Amino acid sequence: MSYTENLEIEMQEKMEKTQPHIMVKDLTIAYGDFLIQRNLTFTIKKGDTFIIMGGSGCGKTTLLRHLVGLQRPAKGQVLYGEVSFWDAEPEERERIMMNFGILYQSGALWSSLTLGENVALPLNLYTDLSADQVREVISLKLSLVGLAGFEEYYPSELSGGMKKRAGLARAMVLDPGILFLDEPSSGLDPISAYLIDELILELRESLGATVVIVTHELASIFAVGNNSVLLDSEAKTMIASGDPRTLLANEKDPRIINFLTRGRGAQRE
Amino acid sequence: MLKRTEDSLAQISFSRPHNGSLLITIAGEWRLGHEIPSVDEIRKEVGTGLQVKQVSFDAQELKGWDTGLLTFLINVIDFCSGRNIAVDKAGLPQGVQRLLVLASTVPERKDTKLAAVRVPFLDRVGNLAVAFWRGNLEMLEFMGEVLAASARMLAGKARFRLADLFIIMQECGVQALPIVSLISILVGLILAFIGAIQLKIFGAQIYVASLVGIGMVRALAAVMTGIIMAGRTGASFAAQLGTMQVNEEIDALKTFGISPVEFLVLPRILSLFVMMPLLTLYADLMGILGGMLIGVSMLNLNFMEYYNKTREAVSLNDLWVGIFSAGVFGILVALAACLRGIRCGRTASSVGEATTSAVVSAIVSIIVAMAIITVLCHILKI
């Protein structure tokens, strides 16, 4: 490959990285008449580790459900590239969703299937891999999350942390372009939480995936996030967006500072 | 029982060390469940004499305290803030002071109270009618999804695991045999017993075989098996799917592009559609056996006599009607159970509601369907 070709590929990759991957425009989310968040507008770029943060009950998971197509917004748009997700034809929506890998808060492993079967199901449905190849992929994905050898276990036989890791293995089984992770490290001991954060960074680097994480764990936010949005339950909208470290350094709004310093904002002042 | 002395009584007394200042002396045990002075005493004291601008406390004689003292103090603070009276908490124990600070750190949110709106009668009727209409639309939508999924299955395109289908068939078929046996034998026995009492009067005991045979084969075996399946398998389907909804397992299927109707509902409907007629056939035999027990033991009929009379009375048409009804009931039970399960909310109580609702809807639909089939058979002279 010539130098110019290399340069072109490099430029293309750089361009792709700065292109908006997901755009949320004036999104309002509500359950019937009960407003949860309004006027949400932010952009997630390709390769970002984007954090949706906010206090408990502010609608972080609900926003995630709107991003992954589980709940229709009351108003506004979610764009994947140029395509408005909720205005697209069902086939187009399905095509976009095929690029998602989702880790649910509870792991959401299919309880009647073993770990191996949980990871294998999407492979069997969407690929033509032979049984041996499927076994190899299962083994690889489970070893990536530190669960090698647990193929025959049922979800009920695993601890909370193991369920989350298994959920992560299933989420990345089809090598998705976007990983959505709902509270990946909540409820885990500090070392398991740290390992999950490391794993997320590793996966982002190695798969080149965009990662969208819902969390309020400050350690994770600063460890993995390079872009974020902060939701507020009283204002019922976003009160900040950007790199969490920059927010911490530059923001003056006490709500933002208090959130990012575990309420020690006042002491800092 | 703890004996309380006069010293341990929660008491307050007042003094006015300076102009505009009220000192409240707190003494004794201030605990929940003990008799605690009311804020009204402070209201009375403040209302008499010179105007009070500051309230302070002396707790040197306080013997013990818990939430009882805290709630009293919060009421005092609320009362004072309403009258613009300053409250000096310095005289209170350190622990009490810290808890009072903690309780007032986050101010009470005013928009959290749910407005107690009295809905007019006509509104309520309207809401119920809309909810009923929405429920029907939901059911139609679900049936449409099931029909589309069935069409995909017939075209060989439906996505579900065959292993799941066989496991569900085993659960709702073979594993239901003991309960179906027991209920069917007893129904046959009861039917024969009641018939025998009447028929014996006319010396027509032999017709007990016809009564039990036709009754079981044409209707009762299918209805009883349907009701057993509604209570046993229908409840189980609704609870399984409801729990999957609570655990986000159904969301996980959707986001992998797998239709929950194809993957979860179709195998369940197919299983009951196949197993119900088989179980009904088995229930027919068990019911006839139950009738035979009465015939042989109480009516002095011999075994062959009873058997021949049953063969003579029961026609193939009766059998087909029973089998057809069983297939219909199987579909109805599975549809009702899966609909309730898949539309279940995300709490433990909604799983319970889904299960109850599934069983009730399944039983009601079985009875309604039986009535329709009976009328149709009468019109078509089957």
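**Where the chains meet**

Colleague: How many salt bridges does the rule find across the interface of chain B and chain A?
Modeller: A salt bridge here is a side-chain nitrogen of Lys or Arg within 4 Å of a carboxyl oxygen of Asp or Glu. Side chains of opposite charge can pair when their charged atoms come close. Going across the interface of chain B and chain A, the rule turns up 2.

Colleague: Before we go on, what should I know about the model and its numbering?
Modeller: Residues count from 1 along each chain as its sequence is written, while chains are lettered from A and ligands numbered from 1 in the order in which they are written. Side-chain values use heavy atoms, with hydrogens and water left out, and local features need pLDDT of at least 70, side-chain atom pairs count only at pLDDT 80 or more, and totals for chains, interfaces and linings use all residues, since what you see is a predicted model.

Colleague: How many residues does the contact take from chain A?
Modeller: Contact means heavy atoms within 4.5 Å. Chain B brings 17 residues to it, and chain A brings 24 residues.

Colleague: About how much area do chain B and chain A bury between them?
Modeller: Buried area is the accessible area (1.4 Å probe) that two parts lose on being put together, summed over both. Carbon and sulfur atoms carry 59% of it, and the total is about 1,900 Å².

Colleague: Which three residues supply more than any other three of the area that chain B buries against chain A?
Modeller: Look at chain B's own share of the burial against chain A. A trio there supplies 37% of that area: B:Glu248, B:Thr255 and B:Phe256.

Colleague: Which residue forms a salt bridge with A:Arg65?
Modeller: The closest N and O atoms of this pair are 2.6 Å apart.

Colleague: Which helix of chain B gives the largest share of the side that touches chain A?
Modeller: Helices (H or I, at least four residues) are DSSP runs, numbered from the N terminus. The one you want covers residues 249-255 and gives 6 residues to that side: helix H8.

Colleague: How many residues apart are B:Arg218 and B:Asp318?
Modeller: These two form a salt bridge, with the closest N and O atoms 2.7 Å apart. B:Arg218 sits in helix H7 (residues 207-246) of chain B and B:Asp318 in helix H11 (residues 316-342) of chain B, so the pair links distant parts of the chain, 100 residues apart.

Colleague: Is B:Glu312 buried or exposed?
Modeller: B:Glu312 forms a salt bridge with B:Lys309, and the two are 3 residues apart in helix H10 (residues 303-313) of chain B. At 15% relative accessibility, B:Lys309 counts as buried. B:Glu312 has a relative accessible area of 61%, so B:Glu312 is exposed.

Colleague: How many disulfides does a search of the whole structure find over all chains?
Modeller: A disulfide is a pair of cysteine sulfur atoms within 2.5 Å. Searching over all chains, the count is 0.

Note on methods: Buried means under 20% relative accessible area, exposed over 50%, partly exposed in between (1.4 Å probe, protein chains only).
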